[in-house]
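Biologist: I'd like to learn how to read a structure like this one. Could you take me through it a feature at a time?

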Amino acid sequence: MKPSSSREPADAVSSRERLLSTAKRLMAEAGYERVSTAAIAREAGTSESQLVRYFGSKAGLLETIFDESWAPLNPQIARLVAAAPTAREAMITVLSTMIGAFERDPELAKLLMFEGRRVRGDNAEVLITQGFRDFAKLVLSLIERGQKDGSFSTALKPQAMTSALLGAAEGMMRDRLLAAHQSQPSPFPESQIRAVFGALVSGLGPAT
C-alpha cells in the first residue's frame, strides 16, 4: 500500500513528480522487475528515502502512476459517454479515447498493457488499481444502458460482455505494443483494432 499523500512544499512536490516521471520511463523501458528503487531515485536526482516517504515501495510507486493516469481519463470518458446518443456509439468512443491516450503517452501504454495485472511477490498479489476498477465499472454501466436502449442483447450477462470487450481491446493493443517493443512490424494496423472492436460491439447486439 502507498502512504496517504498530504500537501507538500513546492520543492517536495517537484521531487515527487520527478520520481513518478522517472519511474514511468524506466519501467516502460526495462520492465517493473528489472528496475530498482535505487536506480529510480538516482535518475530522479533524489533519494530512496524520499521514494519510500511518498509511495511506500516500488509497488506503491507503480500504483500511483496508474491511479494518477486514470484520474483525468475516466472523467473525460464519462463525459463523452454521457453525450453519446446510444450505448453502441458510446462504446466505440471509449475505444477511440483509449487509443488516443495511448498514442499520446506510449510509456503509460506499455505499463498498463504489460505491468497492469501481473502477479507479483510471494503472496501472488495482482495489482488492480482503483482507476481501472472505475473504468471497468463505467464500461459495465454502459453495457447495462445498452441493454435498455437496444444496443446490446439482454440474453447475455453484462459482466461477461464487459470482460469480452475489455479483453479483446487490450489483447489487440498489447500485440501491437509487443511487436513495437521487439522492433517487429505491427501485426495489423490501428484501423483493424477499431474495425474488429466495432464488429464485436455489433455482434453483441440483440438477435434479429
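Modeller: Let's start inside: the largest cavity has 23 lining residues, and W70, M98, F132, F135 and E170 lie nearest its centre. Keep in mind that this is a predicted model, where local features need pLDDT of at least 70 and side-chain atom pairs pLDDT 80 or more, while totals for chains, interfaces and linings use all residues. Numbering runs from 1 along each chain as its sequence is written, and side-chain values use heavy atoms, leaving out hydrogens and water.

Biologist: Which elements give two or more residues to that lining?

Modeller: Helices here are DSSP runs of H or I with at least four residues, strands are runs of E with at least two, and both are numbered from the N terminus. The contributors are α4 (58-83), α5 (87-104), α6 (106-115), α7 (130-149) and α8 (158-181).

Biologist: What counts as a cavity?

Modeller: On a 1 Å grid over the protein atoms alone, it's a set of points where a 1.4 Å probe fits but cannot get out, and lining residues have an atom within 4 Å of a point.

Biologist: How many of its lining residues are nonpolar, polar or charged?

Modeller: Ala, Val, Leu, Ile, Met, Phe, Trp, Tyr, Cys and Pro count as nonpolar, Asp, Glu, Lys and Arg as charged, and the others, Gly among them, as polar. That gives 19 nonpolar, two polar and two charged.

Biologist: Is L166 buried or exposed?

Modeller: Buried means under 20% relative accessible area, exposed over 50%, partly exposed in between, with a 1.4 Å probe and protein chains only. L166 has 15%, so it is buried. It sits in helix α8 and, setting aside neighbours within four places in sequence, is in contact (heavy atoms within 4.5 Å) with F132, F135, A136 and V139.

Biologist: And R16, what does its side chain pair with?

Modeller: A polar contact is a pair of N or O atoms within 3.5 Å; within protein, one must be able to donate a hydrogen and the other to accept it, and residues adjacent in sequence count only if both atoms are side-chain atoms. The R16 side chain has one of 2.5 Å with that of E68. R16 lies in helix α1 (residues 10-30) and counts as buried because its relative accessibility is 15%.

Note on methods
On a 1 Å grid over the protein atoms alone, a cavity is a set of points where a 1.4 Å probe fits but cannot get out, and a pocket is an open set with protein on both sides within 12 Å along at least five of seven lines; lining residues have an atom within 4 Å of a point.
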